[in-house]
Amino acid sequence: MITRLEGPARVVAVGFWYFTAVFTWLVDIPFAYANFIQPRLLPDFIRVAEMHAWLTVVLLPVAWLSLLRPLAHPRSRRLAQGLLGAWALLALILPFTPSLAVIQPDGWGLMACFSALLFPLGCAIADMLSARPLPDLPAADRTERDFMAVLLATTFVVAFYASQAAASSPWSPDGFAASVLTHLVAAAAAFLVLTAMRAFASLRERPVHAEFWLATTLLFACLAAIVGSVILPTISVTSGARWFAGQAFAFTLTMGLVARGRLKGAPHGDGVLAALSGLVPAKLATRAPWVWALWLPAVAGAGLGIAAIGRIVDWNFLVSTLGVIVVWLLALVSALALLADRTGRAASSLLPARAALAGCPVALVAYLLVVPPPSHAGSSTPVDAWTVADPSFRTLREALRPPAPADTDFYPFLQRHTNLGPEVPVPAFDVRHAPLAGVPAATRPHVFLFVIDSLRRDYVSAYNPANTFTPALKAFAAENIVFDRAITRYGATGLSVPSIWVGGMVPHKQYPTPFGPFNALYALLMDQHYTPWLSWDNVVDVIVPREGTGPRLSANRAVKDFRFCEMVGDIRSRLDQLTPGGPPVFTWGLAQDVHISAITREGGGVVDDDPYPGFHPPYASRVRRVDACFGAFVDDLKARGLYDHSIIIFTADHGDSLGEEGRWGHAYTLFPEILQIPLIIHLPRAMRERFETDTTGVAFTADLTPTLYALLGYETTPPSPAFGQPLFWPRGQARPPRASSGALIASSYGSVYGWLDDNGRQLYVSDGVSLRDYRYELDGTPTGRALPVTPEDRRVGQKSIRAAIGEVASFYRYSVAMTK
């Protein structure tokens, strides 16, 4: 009975140390620490870290159970005893040390990460030592079996994803045919690799051993490539110790999977299957119908589950890509197990390898002739439409896309200037849009700045006549100022919020400390004796000094639970303190109502009974709720006589992708639906009579701080071309020209940058994560119109982006080494 618990115990014990390694690794990555760990956006994750020391004690018996086999085998006994002894020692020490949750990004986290991986790696080595030796059998020709296995796996993958595509989009024979051909290219490549491995191993003295270690090396190469090219670039880890830690995960996972397969032996002398069978249940080789009846739905369920997560939040298709890789691996290894050769014939030549080698370029040439390259120009063709609906087709199509020509150092340049770590110090100095005199302006209206996290402008009726669910905002817009081309400077909260307070671009670092000297808006508020009422989240906590701030909004709520109605209710409860000519207040409210993670935590459904045709209902229903509370707030100001003594700004820090071309979320992409935001401003009547504006010109979130400077009587000068300009200027005067004809925009979390030109109409994006460039015309539609990228577009766009990033680095007085 006890031995039956060894497998589950191993999963728990190894999983515990993998959790430890992941947590400490994320702590050491500044981006992950600032945006997920420090603000406790993953509360269950943090709670486990807080209990880590006592879990080490509680799980000690589980560790013993997980090592029963190695403890009983003479070759692995000492290693297993060492692993168990090390665990016991930690169980004695850790309860008397600080919690794992308090580790800081100072290097200790990375050391803890490498240390935590020692237990899973040690278990893998112990399993290898305690496994039966591989048989010394002659090489067998498994070409036919491998061909059938690859064909069977490919058929399963095509059918699985095609059924999903057909369920979510119109059936397209052209799209399906292109998908089949693309999958055949992948199948030909997989068959070529399998055949080549077996052919090479057949030349060795011990072919089964050679197959085993070649397959092990191939599995590690695949996992290392996935980690290095798919996962790590999304968090700007491209080199250094953090990169090696990522590869250590890949190596440890490879050894664990291979060791699990090694314990099953080499069925029928198949060294490849011995290395890879750890991915699938051992009973698959029995071909029992009930096993397959359970296993195939499990594989399909895993694929569907990962796809569902991707529809909730996905970073540039990271989740869906990983899902495709998982389904492919499970399908291929399952097919090899099902068709395991029981009698194998002696191999006599390299003819199978030659046949596979000939078939691969034939399929590839056919693919290049028939399937057009992905255009990123929207679903303009049946093939493009099928690509959106079929994640496997999209992944393979992107992998087969030839790399775009570019300056060989350009994408590394983007990566080096993104998510700067502690090794790149940024000196603190005062940033101001005008010399501050310390004399209050003659008129100091109250300022209410409402920022709705992730609010798209097409979900506000002032920008979309089809929207009927924001009547309060429609009425507010009708009597106030609506900026037609409002754009965020950063595609996510992490740097968008600091850029609003600074009034310009900021170092791509989370965050320079102390940040207070850079905060031009805070300096203005203190200069004009405003009392700030702020919703205090993890970003504001870093960028806004605490001195002089008033009572917090939503003080008893976690950041993830900031809701607009509660925030506005808090403000309304304080309005009795305000008088038309009294001391002014400045309110900052960053509400999370429509953030995709908030919607997910609330169940992902609508909050009313409206179907919202043409819109994403869960999102739209929450926008309606925000609208109602905003309308009540405006009515309250009017009833109290405060409306005409207030500046009210309604905007967003960025937009969101809500399924357009399969995209969800906003983490590190710069698509038009993420950049275009609402911006509606109310000015007191007297102030509106003194100032004019141009609502057709481009308006940036970074313009809000210099705008407040100008409205309070200061003549502004941008500190550098990377900073904003006032959106209002005295009547009769010319509009202040922008320092540059274009503007740099960026993702907050990844090495993705853009250049916005032609008064906010032309967008060029360089994606340093997927190593692709895109171009869009912002034509007033949510997703814009994608355009082809010509060599001249690429030259001008990349040159402009490089120069603008250099301008930011120059202004903030930091330099980046050639390696990061």
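Colleague: Which ring does Arg 262 lie over?
Modeller: This is a predicted model, where local features need pLDDT of at least 70, side-chain atom pairs count only at pLDDT 80 or more, and totals for chains, interfaces and linings use all residues. Residues are numbered from 1 along each chain as its sequence is written, and side-chain values use heavy atoms, with hydrogens and water left out. A charge sits over a ring if NZ of Lys or CZ of Arg is within 6 Å of the ring centre and within 35 degrees of the ring normal. Arg 262 is 5.9 Å from the ring centre, over the face of Phe 212.

Colleague: And how far is the charged end of Arg 802 from the centre of the Phe 413 ring?
Modeller: Here too there's a charge over a ring. For Arg 802 over Phe 413, the distance is 4.5 Å.

Colleague: How many aromatic pairs does the structure hold?
Modeller: Rings of Phe, Tyr and Trp (its six-membered ring) pair if their centres lie within 6.5 Å; planes under 30 degrees apart count as stacked, over 60 as edge-to-face and the rest as tilted. On that basis, the total is 41.

Colleague: Are the rings of Phe 450 and Phe 633 stacked or edge-to-face?
Modeller: Their centres are 5.2 Å apart. The planes stand at 85°, so the pair is edge-to-face.

Colleague: Is Tyr 776 buried or exposed?
Modeller: Buried means under 20% relative accessible area, exposed over 50%, partly exposed in between (1.4 Å probe, protein chains only). With 3% relative accessibility, Tyr 776 counts as buried.
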